[in-house]
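The following exercises concern one protein structure. Please study the sequence and the model before reading each solution.

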Amino acid sequence: MAFDTHVLTRPPEGAAADWTIPQGWDDYSAAEHAIWDTLYARQLSLLPGRASKAFLRGVEALRLSDAGIPNFEELSEALMALTGWQVVAVPGLVPDDVFFDHMANRRFVAGNFIRRADQLDYLEEPDVFHDVFGHVPMLADPVFADYLAAYGRGGLRALKLGGEAYLKYLSRLYWYTVEFGLVEEAEGLRIYGSGIVSSGAESVFALDDASPNRIGFDLERVMRTEYRIDDFQQNYFVIPSFDELLRVTVETDFAPVYAAVAAQDTIRIAEIMPGDRVFTHGTQDYARACGAAKLT
C-alpha cells in the first residue's frame, strides 16, 4: 500500500505512467516457485477454523492451491469474472494518489518479487506472497471487493479535502481492516486481514494469545487509534460482518469524521476506551516483554 513518506514521486525506469510493470512470471526460478509453495502449505495448514469463510472461499475460487507463484494475467481473468477486479504489478510502494486511483478502479497493486528462503517468517516490505495470498482471496468476495473500491474512492476524496493531513486517519482504517481485521462469525472470531492470514505466527497470535485487545469496530475510534508496524498488533478491531463494514463506508460522510477525529486526542495503542465493545481486554504481556513504548 502507499502512505509512506519515502515513496518515489515519479515512476522508475521501466514502469508505465500509472506505475505498473510486467509481472515477469516467466522469469521466476524454480526455487522462487518453491518458496511460494512452502509458504502456501504452511498457511493452509493453519487457516481452516481461523480464517474467515470469505477468505477460504476466495483461495478455492482462485485456485491458489495450484503449484507456484500465480500468474497475474490468469488471476485477473478469474477475478474479473467474479468481482471486476484485476491484479497489476508495481515496483514497490507507489504515491498515494496512484494507489487510490488503482483501487478505485478495481486494480489491486502487488509487488512481483518473492522473499528469500531465509525470510520465510518476516519481511519488512510486502512481497508477492503477502500481496497475493494475503489480499487477493478477499477480492473474490463481492461485498469486500466493493468495500475496497469504495475505500479507493474515499482516498481520492480525502486528498482533495485535506491532503496528507487526512491520510493518517484513513491509513488507520486500512490498517485495522484490510491488513489486520477480525470478523465475527457464528463459530467465533475469524481473521481476514492480509497481514494476519499471510503470517503463520500472527495467525495464531491474533486469535489465541491473551496479550492483545480485541475490540468491536467503530469508525471514529479506529481512525483515532495508533498502530504498530514492527511487530504483532496490540489491538485487533472486530467487524460484525463485511456487509456492515461496506455500509458504514459508503453511507458515511467522511468530511465531518475527519474534522471530529482531528479535534480529539490520538488514542494510544493499548488503551481501552469508555464505550468500547471489548471482546478481549488484553494483558499486553507480549508487548511488555518486547519493551513496547506505548503501553497504557
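**Exercise 1.** Determine how many aromatic pairs the structure holds, and classify the pair formed by F144 and F242.

*Solution.* The model is a predicted one, and it holds 23 aromatic pairs. Next, locate the two residues: F144 belongs to helix α6 (residues 142-162) and F242 to helix α11 (residues 242-251), so the pair ties together parts that lie 98 residues apart in sequence. Both F144 and F242 are buried.

**Exercise 2.** State in which order the five strands of the open sheet are arranged, and identify which strands stand at the edges.

*Solution.* The order is β4-β3-β6-β5-β7, with mixed pairing. At the edges stand β4 (188-191) and β7 (278-280); each has a single partner strand, so one side of each is left without a neighbour in the sheet. On average, neighbouring strands are turned by 35° against each other, direction ignored. Within the sheet, β3 (residues 182-185) and β6 (residues 235-239) pair in the parallel sense over two bridges, and V183 stands opposite I239 in β6.

**Exercise 3.** Describe the second largest pocket by its volume and by the classes of its lining residues.

*Solution.* The pocket holds about 250 Å³ of space. Its lining comprises 13 residues, and the closest to the centre are L62, R63, D66, P70 and E74. By class, eight lining residues are nonpolar, two are polar and three are charged.

How values were computed:
Residues numbered from 1 in each chain as written. Predicted model: local features only at pLDDT ≥ 70, side-chain atom pairs only at ≥ 80, totals over all residues. Heavy atoms only, no water. 1 Å grid on protein atoms, 1.4 Å probe; cavity = no way out; pocket = protein on both sides within 12 Å on 5 of 7 lines; lining within 4 Å. Points joined across faces, edges and corners; volume = space filled by probe spheres on them. Nonpolar A, V, L, I, M, F, W, Y, C, P; charged D, E, K, R; others polar. Phe/Tyr/Trp six-rings, centres within 6.5 Å; stacked < 30°, edge-to-face > 60°. Helix = DSSP H or I, 4+ residues; strand = E, 2+ residues; numbered from the N terminus. Buried < 20%, exposed > 50% of the residue type's maximum accessible area, 1.4 Å probe, protein only. Pairing = 2+ DSSP bridges. Axes fitted to C-alpha atoms, helices over the stretch in contact; angles between N-to-C directions.
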